[in-house]
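This briefing concerns the protein shown below.

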Amino acid sequence: FPEVAGVGSNQKTVEFKPVKAAIACITFAFCIVGFVVGWYSFGTIALFGACVVIAAGCIPYKTALQKVDWSTIITLATVLVLANAINSTGAGEIIANAVVGLFGGTSASPIVLLALAVILSAFLGCVMQHNAVVAVLIPIFMQIAITVGANPIAFAVAIICCNNICFLTPIGTGPVTMT
């Protein structure tokens with residue numbers, strides 16, 4: 001804005017550098033093509049793109065480190081380890097069998113168990129980080145679905161979708177709460 005341009009003597013001006021912009025655009029296009037074609041996993045391609053952009057000097061290394069949301073990365077890493085532990089130790093199966101037993105054993109209604117997944121996911125999504133809820137609930141409810149002969153994908157989709165119901169509440173996210 002022209003009326004604010006002269007305010008504050010310590011403002012940085014960003015200089016447009018066409019070579020670095022071209023490198024960033026080509027890297028971005030390469031990553032998109034890699035995602036679509038499926039050359040490697042999403043994480044590998046994204047990490048490669050980030051390394052190229054940082055190595056080329058398009059983004060300063062210190063700025064890149066400052067922009068990373070470390071709390072999300074730490075939460076995701078720990079929750080994925082927890083979810084893997086639930087799967088590999090058999091704890092998911094034990095929890096699933098206990099839940100199915102509470103609702104009538106192998107003859108339990110898949111609709112009732114799906115409703116339980118929806119309610120639990122919606123409630124926990126309001127008080128916990130979404131990625132944590134999904135990573136913990138999906139292995140458990142997929143085992144529940146297998147136990148009662150239901151489609152595990154339906155349970156996974158329901159958990160993912162209902163996990164975001166909190167966005168409809170006034171306290172679902174920080175920005176919505178402030179508004």
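**Surface, fold and a pocket**

The protein exposes about 12000 Å², and carbon and sulfur atoms supply 74% of that area. The model is predicted. Its secondary structure comprises 9 helices and 0 strands.

**Overall architecture**

- From the N terminus on, the elements run α-α-α-α-α-α-α-α-α.
- Of the 179 residues of the protein, 24% count as buried, that is, they have under 20% relative accessible area.
- Among contacts between residues at least 6 apart in sequence, 60% join residues at least 24 apart.

**The second largest pocket: extent and lining**

- The second largest pocket has a volume of about 220 Å³.
- Its lining consists of Leu47, Ala50, Cys51, Ile54, Ile59, Tyr61, Ala64, Leu65 and Val68.
- Two or more residues of this lining come from each of the elements α2 (42–55) and α3 (61–67).
- The element that gives the most to the lining is α2, with 4 residues.

- The lining holds 9 nonpolar residues, no polar residues and no charged residues.
- Tyr61 and Cys51 are among the lining residues, and both residue types count as nonpolar in this division.

How values were computed. Residues are numbered from 1 along each chain as its sequence is written. This is a predicted model: local features need pLDDT of at least 70, side-chain atom pairs count only at pLDDT 80 or more; totals for chains, interfaces and linings use all residues. Side-chain values use heavy atoms; hydrogens and water are left out. On a 1 Å grid over the protein atoms alone, a cavity is a set of points where a 1.4 Å probe fits but cannot get out, and a pocket is an open set with protein on both sides within 12 Å along at least five of seven lines; lining residues have an atom within 4 Å of a point. Grid points are joined across faces, edges and corners, and a volume is the space filled by probe spheres set on the points. Buried means under 20% relative accessible area, exposed over 50%, partly exposed in between (1.4 Å probe, protein chains only). Contact means heavy atoms within 4.5 Å. Accessible areas come from the Shrake-Rupley method with a 1.4 Å probe; for residues, only the protein chains shown count as cover.
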